[in-house]
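Trainee: Please pick one part of this structure and go through it closely. I would like to know what lies beside what.

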Amino acid sequence: MPEVMFNGPAGRIEGRFHPSTVRGAPIAIILHPHPQFGGTMNNQIVYNLYYAFAERGFAVLRFNFRGVGRSQGGFDHGQGELSDAAAALDWAQAINPEARACWIAGISFGSWIGMQLLMRRPEIEGFISIAPPANRFDFSFLAPCPSSGLFVHGDQDRVAPLKEVTGLIEKLKTQKGILIEHAVIPGANHFFENCVEPLIEEVGIYLDRRLGNPPRLPTPTRSEPAERR
């Protein structure tokens, strides 16, 4: 899990990078929750997503948005964070010039940034969007959504209630040639407290199906001191 620093539009960006042993392996970029509410790349869900992709042969990068941890700059209400995500993808592609494809995965605020990046980068062929706060941020730019992917929500989410995102997902499902899936984790709140394991299991099942991998036993979630958001 090498520590990396790379240049972003507001200065140096701190990250963790897991290279793949497979030449031409796909890239995955993991985006953390809201920086102003404690979100960092060490968030437990970010950490487990990182390994979910790494264990499936991806070259994976997670990083701190500007102003978080050792990343330079300050919070920019989404515009600058989108530029950070684009810089992260550029860096990962420079390290892996033969990468076949890219996936993006984001949690809450990070899902909003990730879906915007998806609209701008045609090489992104799949996404994982966890607890997208459709009631707090405008997702209308997904018209249409260019890639298939998975939305995951907790049925006890009070920050971004399930009903607020259901309309968005149902609209996206009507697109031809794009398959949008939606998983609901019973008993999970916005932070998936005590529900990270079923969340990661659901993501793993989806990834294996998309990647054509044989079914595998659920991977226990990894423990690391982490923020909730």
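**A helix and its sheet**

Mentor: Helix α4, made of residues 162-172, lies across β7 and β8, where contact means heavy atoms within 4.5 Å. The helix runs at about 160 degrees to β8; such angles go from 0 to 180 degrees between N-to-C directions, with axes fitted to C-alpha atoms, for helices over the stretch in contact. Helices (H or I, at least four residues) and strands (E, at least two) are DSSP runs, numbered from the N terminus. The model is predicted, with local features needing pLDDT of at least 70 and side-chain atom pairs 80 or more, while totals for chains, interfaces and linings use all residues. Residues count from 1 along each chain as its sequence is written, and side-chain values use heavy atoms, without hydrogens or water.

β7 covers residues 148-154 and pairs with β8 in the parallel sense, over 6 bridges; pairing requires at least two bridges found by DSSP. Within this pair, L150 stands opposite E181 of β8.

Both strands belong to an open sheet of 8 strands, and its pairing is mixed. Read across, the order is β1-β2-β4-β3-β5-β6-β7-β8. At the edges are β1 (3-8) and β8 (180-185), each of which pairs on one side only. On average, neighbouring strands of this sheet are turned by 20 degrees against each other, with direction ignored.

Helix α1 (residues 44-54) packs on the sheet as well. The strands that α1 touches are β2 (11-18), β3 (27-31), β4 (59-63), β5 (102-107) and β6 (124-130). Its direction makes about 165 degrees with that of β4.
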